[in-house]
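Okay, everyone, thanks for coming.

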Amino acid sequence: QRMLSLVEDLMTLSHVEAEKHDRPREPLDLGQLAARVVGEVSSLKGKERVEMAAIEPGLLVLADAGQFEQLLRNLIDNALKYGGSDTPVSVAVTRQEPGRARLTVADKGPGIAPEHLPHLTRRFYRTDPSRSRASGGTGLGLAIVKHIVERHLGELTIASTLGEGTSVSVILPLANG
């Protein structure tokens, strides 16, 4: 199972990298996508703590819907794995001026030490290798997220405070300015 996940993630990463200069042209309502994914994830046993914190309606971005669904699922999976086991994972879609949308996934977990933050999107990078392996991660989730964000001309930011939690945001240009 673990080897299959690794192969799938490597194939996904390869696919995203191959398309990096092919800009998506289809409008996608980021709030609708987030609400659907959060609804699906939060209905699964053990994942009830995923919640929509905010959705600003009508924020359209030019995006590959399949890739953005994967991006969101990767961010939620990370927050569930590494956040506090009994604390909520919140997802928000808000307007970011000027003319941009922000998708944020946040947890209230133990946080990530500052020295690790610049390296989190590297392939196979782990802040705690033994814990990551035990939780079933491949070490490619954030690398995939980074490449999807780059393909969409977005910006990825990761903020974390030890003892308070981690917040990952993707900022994208709006299709309609």
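When I say helix or strand, I mean a DSSP run, H or I over at least four residues for helices and E over at least two for strands, numbered from the N terminus. Quick caveats: this is a predicted model, where local features need pLDDT of at least 70 and side-chain atom pairs count only at 80 or more, while totals for chains, interfaces and linings use all residues. Residues are numbered from 1 along each chain as its sequence is written, and side-chain values use heavy atoms, with hydrogens and water left out.

So, the sheet. It's open, with five strands in the order E2-E4-E5-E7-E6 and mixed pairing; to pair, two strands need at least two DSSP bridges between them. At the edges sit E2 (50-55) and E6 (155-161), each pairing on one side only.

E2 runs parallel to E4 (residues 89-96), and five bridges join them.

Now the helices. H2 (residues 30-42) lies across E2, E4, E5 (100-107) and E7 (165-173), at about 165 degrees to E2. H3 (residues 65-82) packs on the sheet too, touching E2, E4, E5 and E7, at about 30 degrees to E5. Contact is heavy atoms within 4.5 Å, and angles, from 0 to 180 degrees, are between N-to-C directions of lines fitted to C-alpha atoms, for helices over the stretch in contact.

Last, Ile112, in the loop between E5 and H4 (129-135). Is Ile112 buried or exposed? Buried, because its relative accessibility is 18%, and the cut-off is under 20% with a 1.4 Å probe, protein chains only. From Ile112 to Gly165 it's 53 residues in sequence, but 7.6 Å in space, C-alpha to C-alpha.

Methods
Buried means under 20% relative accessible area, exposed over 50%, partly exposed in between (1.4 Å probe, protein chains only).
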